[in-house]
Amino acid sequence: MSALFNLFYLYDPWAFHFIRMSLVAGVIAVLWLAYKWYKKQINQVIIPADSLFVCAALVLVSVIPILINGTAEFGVLSMYIKLLVIFILGIAIYNLFYLQQEKSLFIRDIKIGIVAQSIMGVLALTGIPFLVSIALGTNASAILPQFTGSEQEYRLYNITSSAFFQLSAFYLMLLHFLLAYAEKQAKLQGIYVFLMLCIGLISGRTFLLLSVFSLVLYFKRDYILPIILFGILIFILAINYQSSLYIEHALEPLINLIYGSDRPASKFIGISTGLSSSTDTLMQKHLFMPSLKQLMIGDGLYYNLNGKGYYGGSDSGFIRQALYGGIGYIAVCFVVTAYFVKRIADNWFNGSWKFILSSLLLLSLLNVKADTYAYPGIMFIFLMFISLFGGQGKQIVRKNHV
């Protein structure tokens, strides 16, 4: 049962495009926890007071750019209020399933989710109609279905509502966490490394490129075979099946490395002059220097006034945060992110600075491309959730007296 709640909460699939399963799982957990408390079936619950304070403070600080600039931008406030609500639901799930258990139960549930997503992704890629329908049915109706039938449809073959970059960031940080856990606590079987690489590749090219950092940093001899097998797999695909729209898109960095700019241009991707077409687009269109005024206090805008697209037209997290509230607001988002990373390190890895610094480096690299600092996607929800597993920080403990 805990594995099912874990899957629904962390991956947040949509049911029939409109019911968010993270909210459904969270509300059921709250009701179930209340019932067990009433029946005296649980002894205590723990509330992370300092983490809730950090989330609430982020909401309040996000009001400042609106007040300074006199805008009516409620998009950022709604994002962080949603973040706070989902975190509270996660606290209920933690107290219901994991508080009285070993951390190994959570790791087991995570591995079950990896296997489930791998099976879905691989079988959907084979074109089995009902599995493709299930995968597509778990995505948001307003945005992602526009990619159905395109060269990027394969990225929808996950049981999740998450958009492409955020899903890739989630798998990257999940891999990073599991490798760090394997170094400190227990062996990570090679099959899970292989499956993570496969579903990470399905999620996006960001994972393909940055996962190398985590694998090198936490390298073990046990990982040699799955890495070699994955390498052989992607090289065979890149060399023999590059005419496939899915493979051309997913393995574009590798194909560019093998063939360079001599290969024929694709009508979907074209010829990349750099690592990948998305990297070229990032460098040419989304990275620019805001004005001095914007760097100081921002413009108090996150979305365009017409509600279409991001203010400033950039996908970069640093640019978005600067345009909204200036350098100071970037610093606030970073501090909130660093807080939860530090809490994870304290609770799981005895305060390992190796984990802290490497995680913040990855998150900073990700934030160059799109929002990751304190952004309420499934990656950051994951970080917040695993920060609960331990006794570090200010906690309110409520005993259930018989």
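Visitor: How many aromatic pairs does a search of the whole structure find?

Guide: The search finds 35 aromatic pairs; rings of Phe, Tyr and Trp (its six-membered ring) pair if their centres lie within 6.5 Å, with planes under 30 degrees apart counted as stacked, over 60 as edge-to-face and the rest as tilted. Please note that this is a predicted model, in which local features need pLDDT of at least 70, side-chain atom pairs count only at pLDDT 80 or more, and totals for chains, interfaces and linings use all residues. Residues are numbered from 1 along each chain as its sequence is written, and side-chain values use heavy atoms, leaving out hydrogens and water.

Visitor: How are the rings of Phe334 and Tyr373 placed?

Guide: Their centres are 5.4 Å apart and their planes stand at 65 degrees, so the pair is edge-to-face. Phe334 belongs to helix α16 (residues 317–348), while Tyr373 is in the loop between α17 (353–369) and α18 (378–386), 39 residues apart. Helices (H or I, at least four residues) and strands (E, at least two) are DSSP runs, numbered from the N terminus.

Visitor: Is Tyr373 buried or exposed?

Guide: Tyr373 counts as buried, at 3% relative accessibility. Phe334 is partly exposed, with a relative accessible area of 30%. Buried means under 20% relative accessible area, exposed over 50%, and partly exposed in between (1.4 Å probe, protein chains only).

Visitor: Turning to charges, how many salt bridges are found in the whole structure?

Guide: The search finds ten salt bridges, each being a side-chain nitrogen of Lys or Arg within 4 Å of a carboxyl oxygen of Asp or Glu. One of them joins Arg320 and Asp315 (3.2 Å, N to O). Arg320 also meets Asp371 in a salt bridge (2.9 Å, N to O).

Visitor: Which parts does the pair of Arg320 and Asp371 tie together?

Guide: Arg320 lies in helix α16 and Asp371 in the loop between α17 and α18, so the pair ties together parts that are 51 residues apart in sequence. Arg320 is buried at 7% relative accessibility, and Asp371 is buried at 2%.

Visitor: Which residues are linked in a network of salt bridges?

Guide: The network links Asp50, Lys342, Arg343 and Asp346. Within it, the side chains of Asp346 and Lys342 meet at 2.9 Å, N to O. Both lie in helix α16, four residues apart, about one turn of the helix.

Visitor: And the strands: why is β3 largely enclosed?

Guide: Four of the five residues of strand β3 (residues 44–48) are buried, so the rest of the structure largely encloses it. Five bridges join β3 to strand β4 (residues 395–399), and the two run antiparallel; strands pair if DSSP finds at least two bridges between them.
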